[in-house]
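Visitor: Hi! I'm new to this one. Could you show it to me and walk me through some of it?

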Amino acid sequence: MLAEPKFKVLSELIGQLSKEELIWVNGYLSALVANPLPNTNTSSITQKITIAYGTETGNAKKLATDLAGKAKKKGITVKLASLDQYKLTELPKEEYFITVISTQGDGEPPIGAKKFYDHIHHNGFKLPQLKYAVLALGDTAYPLFCKTGEDVDKQFEYLGGQRIAPLQKCDLDYETDAHAWFDQLIANLHTTAIKTVVTNKPVETPKTVGKQYYEGTVLTNINLTAKGSAKKVYHIELAADGIEFLSGDSIGIVPKNDEQLVQQILSLTGVAPDTKIDYKGESYSIVELLIAKLNIRYLLDKSVKHYATTVGQEINVQKTDLLSLLQQYPVSSKEQFLKVVEGLTQIVPRIYNIASSPVAHNNEVHITVLQDVFETDNGVEKGLCTQFLESKQEGDRIQFFIQPNKRFRLPAADKDIIMIGPGTGIAPFRSFVAERDATGSIGRNWLFFSEDRFTTDFLYQTEWQAWFETETLTRIHLSFKNGAENYVTLSQKIIEQGVELFHWLEGGASLYLCGEKEPAGKEIEAALLQVFAKATDGTHETAIAYLEKLKKEERYAKDLY
Amino acid sequence: MAAEKKLSPIESIKTKSEGLRGTLKESLTDEITGAVREQDHALIKFHGMYEQDDRDLREERAAKKLDKLYSFMIRLRIPGGFMTADQWIAAHHVAGQYSTGIIKITTRQTIQLHGILKHQIKPTLQSFNKVQLDSIAACGDVNRNVACTSHPAESDIHEQVHAYADKISKLLLPKTRAFYEIWLDEEKIAEYDEQDPLYQDRYLPRKFKIGIAIPPNNDVDVLTNDLGLIAIIENNELIGFNIAVGGGLSTTHGNPDTYARLATVIGFARGEEQTLKAVYEVLTIQRDYGNRSDRKLARLKYTLDNMGVEVFRKELEKRCGFELEAIQPYQFTARKDRYGWMQDYKGSWHYTLFVENGRVTNEGPTPLQKALLEIATTGKSVFRFTSNQNVIISDILPQDKNEIEVILEQHGILERDEDISSIRKNAIACVALPTCPLALAEAQRYLPDLITKIEPLLIKHGLSSEDIVLRMTGCPNGCARPYAAEIGLVGTSPGHYNLHIGGDREGTRLNVKYKEQLGETEILAVLDQLFQQYADQRNKGDRFGDFILKEVLHAS
């Protein structure tokens, strides 16, 4: 069975062995046959791979970490790197490079991966040595599902890289698909020579396995702010059968377009409302599609371009809507309109932090929605979801899905928490404190909150008061503008409370920040760094390191939007 | 007296308050609520403030998960209702910046601002302090703002009498520096002696009101005060005061032990020293003998009736170390403000401006607030407030009169004042809803409309020039002195009032409850019938209240 040269080597060896040594070799070989040593029976073996992740919510990081662990167990040397830390100069030296990356809102890469993304797209180099695979995370509710992953996959190919596994696109329930894909990839690494160029047809999770939609019944829809307030903040309570979520999760709502507006559009085009159209593999009537699926207000540039091409006109308007286009640049036929429809994008779901606790609020989902109003050339207009939710009354139904927020979770019951939630950022903290109240958690709870006016805009004031009186809420610090030029901002409050805050953190407290990214989120993070610097050696670097340490220990979570 | 009776809870709050400090400083830093802490509720009154909430909004706010809309009413201490032009200007700006914007002239000649939020209290009081105004003891179980006949033209010696308001107010101020520390950020002065021989640590059992009248005009309703001083003038000299004790109008619906009472004149104190001593010792008697168990029975009137007038007088004389002289003869013939222009003996001019319900605003067609600010800005007048909640633009030199007149003219005030009916000019209403926590029915928000419906009845019966005194309160507490009116309407429930009639015009006789729980239609029907009877059957010179007493109450 052995070829001549091998047999020769073996014979030479046997000739040199004593009887005892022969017996030992005999046993060794038998054991080897029963339990082969890793990698000993494959020829061209991969020794080193890099898994780099680009994450926004933490899902990509968690997944990449899991995959790295798995690979290590199989004896593969793995380098795990976050794309915001990754040295771009390493890229030409990489051999096996696996990218796990998510896609944000409008098909954007995560903020931390932006530099990497731009680097591979704009710097005109080639990566002929690169053997790569891309695992894309996304959300099928968005029109540009897994766009960033697609881009990276395509770009690596363009740069001369060799694809070792087809692009895998995953929806919110990514776990199973991602692991299956990775297992296959590892198995391929173990088999003889890697077939480097794999088909570029991506693997996509079938739609049906996508997110689960719930049909919620509106129990309450009230504006929390009082007369005299400059804003409206809706508190909406929803009940749905069989729903499961955790404190810290969010929900996604796909708003619907105004029916009258859709009727108006259809009557302009002469298309019958029940005209059937195939959309993403399913059949819809045009009226259904325009109400529930497609964006017809504030069209994306590409939709406008598509419209222009279809009707054969030059259109140079921005921020327009379908009705205006139809009025200004009428379509010539029903068929042309149906062509226009093909260029419309999907309605993007709006994500809201859940403000209720499944335990305390009997599995109801509560959300806290700031009315979105803005000035346009046509006067004051309302955001699509605002308009949609505002019209909902008790008993109406709203479809939604749960968006798990794994990084935004309560710690153990005996741990303290510090919650910073300016404006509607207070929502998840109502969930947290209600949950801790209902479950009798002994950890202390500290809330920071800011709004415009104390008298009109103190969201959930009586609830916080009740929790404060019963000592579930241990401390509360507030900042209200109250129409004054000079007032103590929330950041200043945080700095004022710095010593105690740091003391809580040193005692193991978890820190949470939720709310609008700009300007509140940025300012608050700067304030926190100031607190950390003051409490340590006074340097910005140490403060940043402290924040990083909190992140690493999963004691700092933020949800900024 | 049952000394073992349990003290009212307010009593221990007072004694434990460390000079009215309580936890007020802490209350101010509680960010989660617009209210002060429970026990500070009682204490903040001693600093001239009431915590209130907008009752109209309670339900709506509760649904929005918002706490009650708490705010504070700040009442100033303005003895005798006298303010300089600079002080008025300051009040005007403070009102605009921190309160509802409305300056409310009270029935005790001071002003109060409503709707001040907790975090605005300090800036408000600090602004007032800059013009030497404070709110010390404007509320609470202490001597309140001292009222005094306001119009300088009432008497040649008005100035001399009026000075007593300030003297008495200072004499009876609490000694604690708490007000300055809490609101004005004054450092605590270690060596300052806060021993208070008058109030001790328990203060009075209940509020205490003092009024000073110069006959023949009883514009301050002197007999409705716990302690009334009636100026006695001989040969154009102030020789002293008749001392009247035990007035007070508050009652409680359904509590027969409570009653309204006019003060009893018990003697005469000659000269300043005797007068001030008598005043001081009336307070010490009330401090020592007043009921500290039941606050509804704690006013001086009950102390007096429990002791008996004679015993009371003896005790007072013992404490004073002198005997009161026999009551000096005096007579009240009127109880009204003298609207329009009047000149005093020195030649200065005064314009009494009608302010409906004391609300100085720019609402409606005549912008009073704007006019008064403009007048104050000239610096050529002072301001006096009357017990009928009006303002006298006062002490105007003859050469400046025209300038003031032009401002009044330009703002349509002269024209407006010509058309105001007598019944409206003589009417008073308390604040009531939405801010007063005691109110059972509307008062100041409603009375103007009701009067609009009463005016045609008076015209119909040819009575429109009669100075009939009509007063309305939202509860039986009597802030607008309804029991001392010819027509009193006392709120019992939303839209319903008890009708009291038969008081006299001069304020020396209480009225009688005539009908209970009347709605508007019934009120108008009853008044229509009474006016008709009065118009048909009165003898020449019969005043409405006297006629009613004689012909309606005795006859029925």
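Guide: Happy to! In chain A, helix α9 (residues 301–311) packs with helix α11 (residues 334–342) at an angle of about 155°, their axes 9 Å apart. Axes are lines fitted to C-alpha atoms, for helices over the stretch in contact, and angles run from 0 to 180 degrees between N-to-C directions. Helices (H or I, at least four residues) and strands (E, at least two) are DSSP runs, numbered from the N terminus. This is a predicted model: local features need pLDDT of at least 70, side-chain atom pairs count only at pLDDT 80 or more, and totals for chains, interfaces and linings use all residues. Residues are numbered from 1 along each chain as its sequence is written, while chains are lettered from A and ligands numbered from 1 in the order in which they are written.

Visitor: Which residues of α9(A) and α11(A) make the contact?

Guide: A:Y307, A:T310 and A:V311 come from α9(A), and A:Q336, A:K339 and A:V340 from α11(A). Contact here asks for C-beta atoms, placed from the backbone, within 7 Å.

Visitor: Now chain B: what is the strand order in the open sheet?

Guide: The five strands run β16-β17-β18-β19-β20 in chain B, with mixed pairing. Two strands pair if DSSP finds at least two bridges between them.

Visitor: Which strands stand at the edges?

Guide: β16 (428–429) and β20 (512–518) of chain B; each has a single partner strand, so one side of each lacks a neighbour in the sheet.

Visitor: How many bridges join β17 to β18 in chain B?

Guide: Four, between residues 470–473 and residues 487–493, and these strands run parallel. B:R471 stands opposite B:G488 in β18(B).

Methods
Contact = placed C-beta atoms within 7 Å.
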